Amino acid sequence: MPRILLTTTSYQDTPGKHHDVLKASGFEVVRARGPLQEAAMMDLIKSNDGFDGLLNGDDLITSKVIDAAMSARTPLRVIAKYGIGLDSIDVKYATAKKIPVLYTPGVNHTTVAEHTFGLIIALAKHFWPHVRSVKGGGWKRITGSELAGKTIAIMGMGRIGKEVAKRARAFEMNVRGYDVYWDEGFAQACTVERCTTLEDALHNADVVSLHMNLDESNRGFINKTRLAAMKKGAIIINTARGGLVVEQDIADACKSGQLGGYGADVLDLEPPAPDHPFNEIDNVLITPHVGSRTFESVERQAMRATLNIVNYLNGDKDYIQANTF
């Protein structure tokens, strides 16, 4: 009987048919609460004599974790990511070791786009200081901004970026975008201006929304140099990966007024340390990585992740693999 390690909390905490499918598989399931760092993953592998598969969220699956899992009494056969972001997995090393990395594209673009716009509106209308004031017995009022007529730059025009573009057009915003792989048909249908460089997209944007994959080429892409070159008072939204920005530089820009606000669903290290630079800054809004955590999206994502790992371990061809070898 295959044994798997299940660490994603969204999967475990949200009811749905995915639980029934996993139970019906007959697999032995060991549960832990992620996201887990390298040492915790190593301890779980050692204490359980290994796993046939990992059904993980944003846990750190490094080369050391993969080596430990492959050399255990029950050697690792597959990694199944609950989600699409693979930066917490050493995919290159897994590929070299011929370990399939499975993932779940096309399941959460709607809900993440909705979350993105929730953050945009909250910052543009100063929801956090207003709500905090009223609940504290005050009546502090800050003048907000309309979105209509403003320019949004969408950095990464994949499934999520496209959904954000649709909603931005509904708000009568001017939309520009950047992506290495450009869908001209969509751009024409949705009236999205193509920018040929990331810097071009940032120039004069009122809102910048990040929807890029994270790798070493763009880690810390939004830093003090690029922030200084942006339009004063612009808003940055990050529902992609925390490592795309230098968080201290973001905090400084929000305090100085160079940035009108920063709204994110992700941090470079989650959960944040007690002394995180974003603490006590009213125009920084951080949600706890719940952008794809809706009942609808979790069930789609969890079902795909479950089918991926169950089908792979059972020899069924219905799974989605991110790496090739």
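Analyst: By the ring-pairing rule, the count comes to four aromatic pairs; rings of Phe, Tyr and Trp (its six-membered ring) pair if their centres lie within 6.5 Å, and planes under 30 degrees apart count as stacked, over 60 as edge-to-face and the rest as tilted. One of the four joins Tyr11 and Tyr82 in an edge-to-face arrangement, with 6.3 Å centre to centre and 80 degrees between the planes. This pair links distant parts of the chain, 71 residues apart: Tyr11 belongs to helix 1 (residues 9-13), whereas Tyr82 lies in the loop between strand 4 (78-81) and helix 5 (91-96). Helices (H or I, at least four residues) and strands (E, at least two) are DSSP runs, numbered from the N terminus. Tyr11 is buried because its relative accessible area is 0%, and Tyr82, at 7%, is buried as well; buried means under 20% relative accessible area, exposed over 50% and partly exposed in between (1.4 Å probe, protein chains only).

Another pair, Tyr262 with Phe278, is tilted, at 5.5 Å centre to centre and 50 degrees between the planes. Here too distant parts of the chain are linked, 16 residues apart, with Tyr262 in strand 11 (residues 259-264) and Phe278 in the loop between strand 11 and strand 12 (284-286). Tyr262 has a relative accessible area of 0% and is therefore buried; Phe278 also counts as buried, at 6% relative accessibility.

The model is predicted: local features need pLDDT of at least 70, side-chain atom pairs count only at pLDDT 80 or more, and totals for chains, interfaces and linings use all residues. Residues are numbered from 1 along each chain as its sequence is written, and side-chain values use heavy atoms, with hydrogens and water left out.

Strand 1 (residues 3-6) and strand 2 run parallel and are joined by four bridges, and Arg3 has Glu28 in strand 2 as its bridge partner.

Technical notes. Pairing = 2+ DSSP bridges.
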